[in-house]
Amino acid sequence: QAQIVESGGGLVQPGGSLNLSCVTSEITFRAYDMEWYRQTPGKERELVARITAVDATITYADSVKGRFTISRDNAKSTVFLQMTSLKPEDTAVYFCHGVHWQKVPNYWGRGTQVTVSS
């Protein structure tokens, strides 16, 4: 059964950095577009970054451009999110999402909490 597991969240001061990892299993990782979303209570889940399967095209939400970097390691079936210059408004649960390039199936992780606070 496919699994997606995030790690690397935690508490960090404003201006600090965190590196999130998302390890997948039982999927053909290289065939999946990989995405990071985040969600705060009472708000819809927001797409933060995406890296495609076919050509590793990367897109970012405007709010994180220049601060976050998404990357993937197909050999390790893992996607990363490097977060720098963190702000309190980056506080959220961060979710990893895998979508097959043909749009189905898709899988979600359970999320990892990121808290930016002094």
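Biologist: What is the relative accessibility of aspartate 90?
Modeller: This is a predicted model, in which local features need pLDDT of at least 70 and side-chain atom pairs count only at pLDDT 80 or more, whereas totals for chains, interfaces and linings use all residues. Residues are numbered from 1 along each chain as its sequence is written, and side-chain values use heavy atoms, without hydrogens or water. With a 1.4 Å probe and protein chains only, buried means under 20% relative accessible area, exposed over 50%, and partly exposed in between. Aspartate 90 counts as buried because its relative accessibility is 1%.

Biologist: Which backbone nitrogen does the side chain of aspartate 90 reach?
Modeller: Aspartate 90 is placed in the loop between strands S8 and S9; strands here are DSSP runs (E, at least two residues), numbered from the N terminus. A polar contact is a pair of N or O atoms within 3.5 Å; within protein, one must be able to donate a hydrogen and the other to accept it, and residues adjacent in sequence count only if both atoms are side-chain atoms. At 2.8 Å, the backbone nitrogen reached by the side chain of aspartate 90 is that of lysine 87.

Biologist: In which strand does arginine 38 lie?
Modeller: Arginine 38 and aspartate 90 meet through their side chains in a salt bridge, at 2.9 Å from N to O; the term denotes a side-chain nitrogen of Lys or Arg within 4 Å of a carboxyl oxygen of Asp or Glu. Aspartate 90 lies in the loop between strand S8 (78-83) and S9, so the pair ties together parts 52 residues apart in sequence, with arginine 38 in strand S4.

Biologist: How many salt bridges does the structure hold?
Modeller: One of them joins aspartate 62 and lysine 65, at 3.1 Å from N to O, and both of these residues are exposed. Shared partners join the salt bridges of Arg38, Glu46, Arg67 and Asp90 into one network. The number of salt bridges in the structure is five.

Biologist: How many residues apart are glutamate 35 and arginine 50?
Modeller: Glutamate 35 belongs to strand S4 (residues 32-39) and arginine 50 to strand S5 (residues 46-51), so that the pair links distant parts of the chain, at a separation in residues of 15.

Biologist: Which strand gives the most to the lining of the largest pocket?
Modeller: On a 1 Å grid over the protein atoms alone, a pocket is an open set of points where a 1.4 Å probe fits, with protein on both sides within 12 Å along at least five of seven lines; lining residues have an atom within 4 Å of a point. The lining comprises Ala2, Gln3, Ile4, Val5, Glu6, Tyr107, Trp108, Arg110 and Gly111. Strands S1 (3-7) and S10 (106-108) each supply at least two of its residues. With four residues, the strand that gives the most is S1.

Biologist: Which residue in S3 does glutamine 3 stand opposite?
Modeller: Two strands pair if DSSP finds at least two bridges between them. S1 and strand S3 (residues 18-25) run antiparallel and are joined by five bridges. Within this pairing, the residue opposite glutamine 3 is serine 25.

Biologist: What is the bridge partner of valine 12 in S11?
Modeller: Strand S11 (residues 112-116) has a covered face of Thr112, Val114 and Val116, and an uncovered one of Gln113 and Thr115. S11 pairs with strand S9 (residues 92-100) in the antiparallel sense over three bridges, and alanine 92 stands opposite valine 114. Strand S2 (residues 10-12) runs parallel to S11 and is joined to it by three bridges. There, the partner of valine 12 is valine 116.
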